[in-house]
Amino acid sequence: MDQSKQEEDYGYDLFPERSQGQQRKSTLKQSLFTFNHKCRVMLQLAMETSPYAKLLLSAMKSSGCNIYKDRHFACEDCDGTVSGGFDAASSQIVLCQNNIHQQSHMNRVVTHELIHAFDHCRAHVDWFNNYRHLACSEIRAANLSGDCSFHNELARFNFGLKEHHQKCVRGRALRSILAVRKISREEAEKIVDDVFDSCFNDHSPFGRIPHSKKDAKFAYRDYMNRDRYHANL
Ligand SMILES: [Zn+2]
């Protein structure tokens, strides 16, 4: 397998600036500056105000994985409709500045990718060779980031809430895997179903499924109190 084929298989084709996109940058300098600046401002706001992001950043800090805005985040142009990605090779979170235009969307993407970063920090995840590891982290990210709660808001009247949430998590995990790995839909479905129950029920570090910003605030408060309790021992 040659290098470019390999990059394509790991989903790097969706993130042109990860490989040799440097020339594109200068021709679009002006608009990229605007997008890039806006992206960085929204990222800062997400890190400071989203209870989901704040909880994950605290949890990673106490696991010994400090996250620095400039080192671990990159605002870049991406292909298609991808919003973000976690580049395990460089431990960097990519935010797709050309596809994220609203703060609420930025908050969800930052949270989703921070869950991957959290999994990367706490466990020895083999992102490239073990599809079950990848599937597990995608299930957790879809379940805990609010990705599916957002859709629940719209679908609340059509489905049972709980059933819809699980269907949404399964569907999003499947799509994420198929976007970055060249495997068949059937193969991906089997892997997701094999690990679904244990990964869906792993709510760490939230301690619950944060279905709304309010839930996430409570989870953050509990997390910080737990920390304080341990500090007093
Ligand atoms: Zn993901």
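Helix α6, residues 103-122, packs against helix α7 at an angle of about 140 degrees, and their axes are 9 Å apart. Axes here are lines fitted to C-alpha atoms, for helices over the stretch in contact, and angles run from 0 to 180 degrees between N-to-C directions. That makes α6 oblique to α7; angles under 35 degrees count as roughly parallel, over 145 as roughly antiparallel, 65 to 115 as roughly perpendicular, and the rest as oblique.

This is a predicted model: local features need pLDDT of at least 70, side-chain atom pairs count only at pLDDT 80 or more, and totals for chains, interfaces and linings use all residues. Residues are numbered from 1 along each chain as its sequence is written.

Back to the helix pair. His112, Ile115, His116 and Asp119 in α6 meet Ser137, Arg140, Ala141 and Leu144 in α7. Contact means C-beta atoms, placed from the backbone, within 7 Å.

Now the whole chain. It has 11 helices and three strands, taken as DSSP runs numbered from the N terminus (helices H or I, at least four residues; strands E, at least two).

Next, the core. The largest nonpolar core has 55 residues, and Leu43, Leu95 and Ile139 are among those with the most contacts inside it. Helix α7, residues 131-144, gives the largest share, eight residues. Domain 1 (1-122) and domain 2 (125-207) both contribute, so this core lies between them; the bounds come from an automatic or database domain assignment. Such a core is a set of buried Ala, Val, Leu, Ile, Met, Phe, Trp, Tyr and Cys residues joined through C-beta atoms within 7 Å. Buried means 20 or more other C-beta atoms within 10 Å of a residue's own, exposed 12 or fewer, partly exposed in between, with C-beta atoms placed from the backbone.

Definitions and conventions: Two residues are in contact if their C-beta atoms, placed from the backbone, lie within 7 Å.
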